[in-house]
Amino acid sequence: MQTFSAQIAIRVENKCCRSSEESVVKGVIFTELIGFIEQRFGIIFMDAVLCEADLPNDGAFTTVGTYPSSHALRLIVLAADRAGLSVDAVCTDYGEHLFDRFGVLFPAILARYATADALLEHVGSHIHEEVRVLYPDARPPRISTERDGASLIVTYASHRPMAHIAYGLIRRSMAAYGDPRTLSWTSTPRAETATFRLSAAQ
């Protein structure tokens, strides 16, 4: 069975130039990704990744633009390969970086919630609705939550294979709120859906 990293690498190689047939993401995801790679590995490293990626726009992204999601995945695959890391690890670390950046970019939204549970329970019904106001053509993932006793279950579904980024976002949200619970999760092989469980440590 292929690992998630191998599957993503193959899919990106096969689809990176077929933007009309695949999903897209807002440019803010790209600008933050480039900032993350530069911060983590340095500007020379980032320049080398962009050169190797050979994207149609040469890596010139704007926060309000819309771009093929495979271009973001290609940058992640190349950065992971160059750094000697797994794609899974880079996606998770990027998810944690994104949470911190969202706190800077959208402080009023995150400030409304006092706990990780309160935040996660309102991602689908409130936060993503505000994202659509800021970016009307955005297609954020579908997030739903339910209670299972003392545990919170978060379900993620997207047309993009980015469940590991969602894992990083949730993990960092728990750390930011000082949540001591254990985060466990399962994902489909294509990483387009996942189920996360926040439960008390045994």
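This is a short walk through one protein model, from the overall numbers down to a few individual residues.

Okay, hi everyone. Before anything else, keep in mind that this is a predicted model. The protein has nine helices and six strands. There are 202 residues, and 47% of them count as buried. Accessible surface comes to about 9900 Å², with 55% of that belonging to carbon and sulfur atoms. And if you take the contacts between residues at least 6 apart in sequence, 68% of them join residues at least 24 apart.

Let's go to the helices, starting with H2, residues 27-41. H2 has 15 residues and reaches 21 Å from its first C-alpha to its last, close to the 21 Å expected at 1.5 Å a residue. Its buried residues are Gly27, Val28, Ile29, Phe30, Glu32, Leu33, Ile34, Phe36 and Ile37. So what covers the buried residues of H2? The cover includes strand E1, helix H3, strand E2, H4 and helix H5. Just after H2 you get Gly42, with a positive phi of about 105 degrees.

Now H4, residues 69-83. H4 also spans 21 Å from first C-alpha to last, close to the expected 21 Å, with 15 residues. How much of H4 is buried? It's 12 of the 15 residues, so the helix is largely enclosed by the rest of the structure. The buried ones include His71 and Arg74, along with residues like Leu73, Ile76 and Leu78. After H4 comes Gly84, and its phi is positive too, near 75 degrees.

In soluble globular proteins, nonpolar side chains tend to be buried together. Here, the largest nonpolar core has 46 residues, and the ones with the most contacts inside it are Leu33, Leu75, Ile170, Phe196 and Leu198. H2, H3, H4, H5, helix H7, strand E4, H9 and E6 each supply at least two residues of this core. H4 gives the most, with eight residues. There's also a second, separate core of five residues, which includes Phe99, Leu110, Tyr113 and Leu119.

On to the strands. E3, residues 142-148, pairs with E4 in the antiparallel sense over seven bridges. Within that pairing, Arg147 stands opposite Leu152 in E4. The E3–E4 hairpin has two residues between the strands, and Gly149 there takes a positive phi near 65 degrees. E4 itself is mostly covered, with six of its seven residues buried. E4 then pairs with E6, antiparallel again, over six bridges. And E6, residues 193-199, pairs with E5, residues 182-187, also antiparallel over six bridges.

Most residues other than glycine have a negative phi. Is Ala191 buried or exposed? At 0% relative accessibility, Ala191 counts as buried. Compare Asp58, in the loop between H3 and E2. Asp58 has a positive phi near 60 degrees, but at 64% relative accessibility it counts as exposed.

Last stop is Arg181, which lies in the loop between helix H9 and E5. Why does Arg181 count as buried? Because its relative accessibility is 18%, and the cut-off for buried is under 20%. Which side chains make polar contacts with the side chain of Arg181? One is Asp117, at 2.4 Å. Another is Asp179, at 2.6 Å. Setting aside residues up to four places away in sequence, Arg181 touches Asp117, Arg147, Ala150, Leu152, Met174, Leu198, Ser199 and Ala200.

Leaving aside neighbours within four places in sequence, Leu198 is in contact with residues including Asp117, Leu120, Val154, Ile170, Met174 and Arg181. Asp117 is on the list for Arg181 and on the list for Leu198, and Met174 likewise turns up for Arg181 and for Leu198. That's my tour, thanks.

How values were computed: Residues are numbered from 1 along each chain as its sequence is written. This is a predicted model: local features need pLDDT of at least 70, side-chain atom pairs count only at pLDDT 80 or more; totals for chains, interfaces and linings use all residues. Side-chain values use heavy atoms; hydrogens and water are left out. Two strands pair if DSSP finds at least two bridges between them. Helices (H or I, at least four residues) and strands (E, at least two) are DSSP runs, numbered from the N terminus. Buried means under 20% relative accessible area, exposed over 50%, partly exposed in between (1.4 Å probe, protein chains only). Contact means heavy atoms within 4.5 Å. Accessible areas come from the Shrake-Rupley method with a 1.4 Å probe; for residues, only the protein chains shown count as cover. The expected span of a helix is 1.5 Å times one less than its number of residues. A polar contact is a pair of N or O atoms within 3.5 Å; within protein, one must be able to donate a hydrogen and the other to accept it, and residues adjacent in sequence count only if both atoms are side-chain atoms. A nonpolar core is a set of buried Ala, Val, Leu, Ile, Met, Phe, Trp, Tyr and Cys residues joined through side-chain atoms within 4.5 Å.
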